[in-house]
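Trainee: I have a structure to read and would like to know what stands behind the terms. Please take me through them one by one.

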2 protein chains.
Amino acid sequence: MSDNVRLIEVKENILDDNEKVAAALRARLKEEKTFLVNLMASPGAGKTSTVIQTTARLKEAFNIGVLEADIDSMVDAEKVAATGITAIQMRTGGFCHLDASMVGDGLDAIGSQDFDLILLENVGNLVCPAEFDTGSALNAMILSVPEGDDKPLKYPLMFSVCEVVLINKIDTCEHFDFDRARFEEGVKKVNPSCTLFDISCRTGEGIDAWVAWLKERTKAHNA
Amino acid sequence: MSDNVRLIEVKENILDDNEKVAAALRARLKEEKTFLVNLMASPGAGKTSTVIQTTARLKEAFNIGVLEADIDSMVDAEKVAATGITAIQMRTGGFCHLDASMVGDGLDAIGSQDFDLILLENVGNLVCPAEFDTGSALNAMILSVPEGDDKPLKYPLMFSVCEVVLINKIDTCEHFDFDRARFEEGVKKVNPSCTLFDISCRTGEGIDAWVAWLKERTKAHNA
């Protein structure tokens with residue numbers, strides 16, 4: 001294991017009010033000039049690949065850290081760390097989402113004050129993570145083309161809480177019945193101001209546009 | 001809306017012991033000679049397509065009913081009903097999994113005693129549904145090739161509670177880095193007796209083998 005990766009166990013905090021903990025984290029991160037992005041998606045949509053593609057393009061501009069959450073295993077944090085980025089694996093031990101208290105533990109473990117940008121990969125799940133404010137300044141989600149264009153109808157809360165949706169695996173459109181216009185219409189119905197980017201972590205298509213957007217958002221937050 | 005489809009709202013039962021409710025349902029279904037299959041998967045793995053492919057091949061042999069669970073929308077039940085199969089859409093209103101009490105409501109709504117085989121499509125989620133016994137006689141899951149071969153490492157409980165895993169979208173292997181042997185190794189590590197079938201709901205590949213297996217299991221349960 002490389003020395004820029006570490007595993008921590010995180011537990012649900014059932015005593016504190018999550019909204020209060022999240023608001024306090026957001027204030028602390030604003031003070032520290034650290035932009036925290038909460039990245040949510042289904043299992044296998046490409047969260048870790050997106051993290052790797054994004055950090056590769058922004059690591060000259062910013063000090064970047066990554067928090068990886070999973071029920072079990074630390075393969076994602078190891079993948080990220082192998083690219084030279086500092087990563088913490090947060091093991092939830094069966095828990096289906098992150099709450100603000102868990103994220104606070106992750107931020108303490110990585111030393112959030114040392115970073116301009118922290119990408120937080122939530123548990124792979126389109127349901128529960130949408131219900132909990134993590135303290136991040138930006139909620140982003142990834143929907144991969146093979147999952148289908150009807151997901152905004154079925155998981156409306158997730159699409160309504162995210163400011164930006166990345167449509168990943170866009171290079172595989174021809175192999176799946178994915179109607180891009182129908183998908184966007186579904187997203188806009190629950191979230192009219194949502195920004196969408198078409199990306200492919202495999203081909204690199206569209207990543208630059210997303211990264212340019214994220215760079216501006218990070219600079220604006222940390223100014 | 002066709003007359004073989006109906007929407008019901010289901011609510012969590014926080015008063016009863018889920019294990020007891022599930023055991024009672026299982027006994028009732030055994031008595032009724034109704035084989036209940038709990039089908040779990042990530043969003044977009046192909047649950048509804050698998051239901052449609054399966055019922056198309058078994059509707060001559062059995063009276064089949066379908067229970068579709070979703071956070072919102074009734075598109076899945078309508079898709080199934082359009083093929084002539086009786087379907088109930090169970091709307092969980094934001095809830096991330098089914099418990100046995102919700103399934104009991106679905107079985108009452110469809111009239112379980114009239115069916116030999118009922119396919120229950122759980123909420124699209126690899127985490128929470130694995131934790132709740134639904135009263136089914138068989139837990140089955142679908143993993144689609146685009147999700148990746150590392151999922152047993154990350155969602156071990158789901159793979160450990162399922163007797164059978166269908167690897168869907170097998171026709172798209174060449175477009176994704178999916179190592180079939182590595183995936184099977186991961187499954188067998190958490191669940192050595194698990195049965196795997198490679199299928200494609202798009203091409204029809206492998207469906208017959210899965211259906212033949214399910215037919216035998218249904219007959220054995222209802223004998």
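Mentor: Strand 2 (residues 35-41) and strand 5 (residues 117-121) of chain A pair in the parallel sense over five bridges. This is a predicted model, in which local features need pLDDT of at least 70 and side-chain atom pairs count only at pLDDT 80 or more, while totals for chains, interfaces and linings use all residues. Residues are numbered from 1 along each chain as its sequence is written, and chains are lettered from A and ligands numbered from 1 in the order in which they are written.

Trainee: What makes strand 2 and strand 5 of chain A a pair?

Mentor: Two strands pair if DSSP finds at least two bridges between them. Strand 2 and strand 5 of chain A have five bridges, so they count as paired. Within strand 5 of chain A, Leu119(A) stands opposite Val37(A). The strands themselves (E, at least two residues) and the helices (H or I, at least four) are DSSP runs, numbered from the N terminus.

Trainee: Why are strand 1 and strand 8 of chain A said to stand at the edges?

Mentor: The open sheet of chain A has eight strands in the order 1-4-3-5-2-6-7-8, with parallel pairing. Strand 1 (5-9) and strand 8 (195-198) of chain A each have a single partner strand, so one side of each is left without a neighbour in the sheet. On average, neighbouring strands of this sheet are turned by 20° against each other, direction ignored.

Trainee: What is the strand order in chain B?

Mentor: In chain B an open sheet of eight strands has the order 1-4-3-5-2-6-7-8, with parallel pairing. Its edge strands are strand 1 (5-9) and strand 8 (195-198), each pairing on one side only. Strand 7 (residues 164-168) of chain B pairs with strand 8 of chain B over four bridges, in the parallel sense. There, Ile167(B) has Asp198(B) as its bridge partner.

Trainee: At what angle do helix 2 and helix 8 of chain A pack?

Mentor: Helix 2 (residues 47-58) and helix 8 (residues 207-222) of chain A pack at about 65°, with their axes 10 Å apart. Axes are lines fitted to C-alpha atoms, for helices over the stretch in contact, and angles run from 0 to 180 degrees between N-to-C directions.

Trainee: How many residues does each chain give to the contact between the chains?

Mentor: Chain A gives 30 residues and chain B gives 30 residues. Helix 5 (151-154) and helix 6 (156-161) of chain A each supply at least two residues of the side of chain A that touches chain B. Helix 5 of chain A gives the most to that side, with three residues. The residues of that side divide into 13 nonpolar, 10 polar and seven charged.

Terms used
Two residues are in contact if their C-beta atoms, placed from the backbone, lie within 7 Å. Ala, Val, Leu, Ile, Met, Phe, Trp, Tyr, Cys and Pro count as nonpolar, Asp, Glu, Lys and Arg as charged, and the others, Gly among them, as polar.
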